[in-house]
Amino acid sequence: SSITLPGWRCAPGYTGEAVASCGVTEPAKRGDSCVRFLELSGCAKIEPCSVPAFEGDEACRFNVSDCIKEGAAEQLLQPGDRCTLRCVSFGGSVTVTCPPNNTVS
């Protein structure tokens, strides 16, 4: 059975709804004891978002310099952060945001 308990919460850096499940394992062979266990699930790690990567012709049409951190090995936008993506050919722009509870890596 699974229940959500008001006292259970996801650890810092995780999001979701903590669910406690209780169970019993069957004995492996006659004479062995069964084992009771508690398993917590429902939480997912909060992950940074990848900065859009454009290649070929698209790389010439979009300016993502506001989203790029100099010297970083991987270009990531931290949860809750935002940056401006500019369209070079039309002069417009759009703000992209990494959701505060993003769980997609």
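Author: Partly exposed means a relative accessible area between the buried limit, under 20%, and the exposed limit, over 50%. The model discussed here is predicted.

Reader: How does cysteine 34 count by relative accessibility?

Author: Cysteine 34 has 39% relative accessibility. Buried needs under 20% and exposed needs over 50%. So cysteine 34 counts as partly exposed.

Reader: Is cysteine 22 buried or exposed?

Author: Cysteine 22 is in no disulfide, and the nearest cysteine sulfur, that of cysteine 34, is 13 Å away. Its relative accessibility is 52%. The exposed cut-off is over 50%, so cysteine 22 counts as exposed.

Reader: How many disulfides does the structure hold?

Author: One joins cysteine 10 to cysteine 43, S to S 2.1 Å. Another joins cysteine 49 to cysteine 98, S to S 2.2 Å. Cysteine 67 and cysteine 83 also form a disulfide, with sulfur atoms 1.9 Å apart. The structure holds three.

Reader: Which hand has the link of cysteine 10 and cysteine 43?

Author: The angle about the S-S bond is -90°. That makes the link of cysteine 10 and cysteine 43 left-handed.

Reader: How many residues apart are the parts tied by cysteine 67 and cysteine 83?

Author: Cysteine 67 lies in the loop between strand S5 (62-63) and strand S6 (76-77). Cysteine 83 is in strand S7 (residues 82-87), so the pair ties together parts whose separation in sequence is 16 residues.

Reader: What is the area of the nonpolar surface patch made by Trp8, Leu38 and Leu40?

Author: Tryptophan 8 is found in the loop between strand S1 (2-3) and strand S2 (14-25). Its relative accessible area is 35%, partly exposed. With Leu38 and Leu40, Trp8 makes a nonpolar surface patch of about 290 Å².

Definitions and conventions:
Residues are numbered from 1 along each chain as its sequence is written. This is a predicted model: local features need pLDDT of at least 70, side-chain atom pairs count only at pLDDT 80 or more; totals for chains, interfaces and linings use all residues. Side-chain values use heavy atoms; hydrogens and water are left out. Patches are made of residues with over 30% relative accessible area and no salt bridge: like charges are joined within 9 Å, nonpolar side chains (Val, Leu, Ile, Met, Phe, Trp, Tyr) within 5 Å. Accessible areas come from the Shrake-Rupley method with a 1.4 Å probe; for residues, only the protein chains shown count as cover. A salt bridge is a side-chain nitrogen of Lys or Arg within 4 Å of a carboxyl oxygen of Asp or Glu. Helices (H or I, at least four residues) and strands (E, at least two) are DSSP runs, numbered from the N terminus. Buried means under 20% relative accessible area, exposed over 50%, partly exposed in between (1.4 Å probe, protein chains only). A disulfide is a pair of cysteine sulfur atoms within 2.5 Å.
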